[in-house]
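I opened a new notebook page for this entry. The plan is to look things up one by one and write down what comes out.

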Amino acid sequence: MPGTSAGHDERVVFENDEMTAAPDSKLVTLWCPSPNRDQRAIGRAPDMLILHYTGMDSSDAALDWLTREEAKVSAHYLVDEEGRIAQMVAESERAWHAGQSRWAGETDLNSCSIGIEIHNPGHDFDYPHFSGPEMQAVEALCLDILSRHAISPDRVLAHSDIAPGRKRDPGEKFDWQRLARAGIGLWVEPAPLGSDQGFGPGDEGESVAELQRALLEYGYGVEVTSTYGTGLAKVVEAFQRHFRPARVDGRADLSTRDTLARLLEARRERQVA
Ligand SMILES: [Zn+2]
């Protein structure tokens, strides 16, 4: 992002003329094409929105990396801490942001998603809160994207949802509730934390299978084995980061299970309506 140079705020800057298309969104103030893109799989249009944090110490560094060929990664958009929005890949094209991931049985999620990188140094660097201007810009950009594409609320997801264990972004400090109030994504009030331990790694049985079935039904990449392994703990952590952020410990306590049940119910109600 043009963090150190003035003058980028009110106009679109064409870094090079490799792409002649205009940005997809009027909110974009910097058009900075990334070579790290290709065609979406045949017949696929965006029906999923994936939110990330950059995990780098500055948004300038992130923009530089996401547009370098050697990085082999990109996203459609980057939002910086002051709320400025850069576009790197046209929405019609496939950006490389999801990596190895899975949701609702699908694995080529780059082909069916739009990816937004949000500046935040992340868990490895103190994980600060997302700034007000940044959240405001993310909200506006999401609404703008949702006005162009048919993306159902339950398919507005965190990178951690689709790559549990491998990714933690945008993390438990990200304000999903705020986005939901604006009509972005599916959110239910988390069930209050209790003192129960619930179950966790090493546990087995029907209650574990029930948890696995519920996570799978929502879309998470789990197998129903009736055994609580470390893989399941990572999925539960991902669920907590997004939907029950008060405690992220990978244990299926009552609050976690209740929140998941409420979420499934909320989705069923929407589908019926
Ligand atoms: Zn990510």
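I began with cysteines, taking a disulfide to be a pair of cysteine sulfur atoms within 2.5 Å. The structure holds zero disulfides. Before going on I noted that this is a predicted model, in which local features need pLDDT of at least 70 and side-chain atom pairs count only at pLDDT 80 or more, while totals for chains, interfaces and linings use all residues. I also noted that residues are numbered from 1 along each chain as its sequence is written, and that side-chain values use heavy atoms, with hydrogens and water left out.

**Cysteines**

I looked up C142 and found its sulfur 16 Å from the closest cysteine sulfur, in C112, which is too far for a bond. For burial I used relative accessible area: buried is under 20%, exposed is over 50%, and partly exposed is in between, with a 1.4 Å probe and protein chains only. C142 is buried at 0%. C32 has 7% relative accessibility and so counts as buried too.

**Helix 2**

C142 sits in helix 2, among the buried residues there. Helices (H or I, at least four residues) and strands (E, at least two) are DSSP runs, numbered from the N terminus. Helix 2 covers residues 132-148. The expected span of a helix is 1.5 Å times one less than its number of residues. I checked this one: its 17 residues should span 24 Å, and the end C-alpha atoms are 25 Å apart, which agrees.

Which residues of helix 2 are buried? I listed E134, M135, A137, V138, E139, L141, C142, D144 and I145. As background, an α-helix has 3.6 residues a turn, so residues three or four places apart point the same way.

I then asked what covers the buried residues of helix 2. With contact meaning heavy atoms within 4.5 Å, the cover includes strand 4 (48-53), strand 5 (77-79), strand 6 (85-87), strand 8 (113-118) and helix 4 (176-181).

At the start of helix 2, a side-chain oxygen of S131 comes within 3.1 Å of the backbone nitrogen of E134. I count a polar contact as a pair of N or O atoms within 3.5 Å; within protein, one must be able to donate a hydrogen and the other to accept it, and residues adjacent in sequence count only if both atoms are side-chain atoms.

**Zinc ion**

What coordinates the zinc ion? I found H52 (ND1), H159 (ND1) and D169 (OD), at 2.1 Å. Donors here are N, O and S atoms within 2.8 Å of the metal (3.2 Å for Na, K and Ca); water is not among the atoms, so sites may look incomplete. Along the chain the donors follow the spacing H-x106-H-x9-D. The two histidines link distant parts of the chain, with H52 in strand 4 and H159 in helix 3 (residues 159-162), 107 residues apart. H52 is buried at 1% relative accessible area, and H159 is buried at 4%.

P170 lies in the loop between helix 3 and helix 4.

**Aromatic rings**

A pair of aromatic rings is described by the distance of the centres and the angle of the planes. Rings of Phe, Tyr and Trp (its six-membered ring) pair if their centres lie within 6.5 Å; planes under 30 degrees apart count as stacked, over 60 as edge-to-face and the rest as tilted. My search of the whole structure gave ten aromatic pairs.

Y53 and Y127 form a tilted pair, 5.8 Å centre to centre with 50 degrees between the planes. This pair links distant parts of the chain: Y53 is in strand 4 and Y127 in the loop between strand 8 and helix 2, 74 residues apart. The rings of Y127 and F130 have centres 6.3 Å apart and planes at 85 degrees, so that pair is edge-to-face. Y127 is buried at 4%, and F130 is buried at 10%. Ring pairs link Y53, Y127, F130, F174 and W176 into a cluster.

**Positive phi**

Phi of Y127 is near 45 degrees, a positive value in a residue other than glycine. D126 is not a glycine either, and its phi is about 70 degrees. D126 lies in the loop between strand 8 and helix 2. Is D126 buried or exposed? I found D126 exposed, at 75% relative accessible area.
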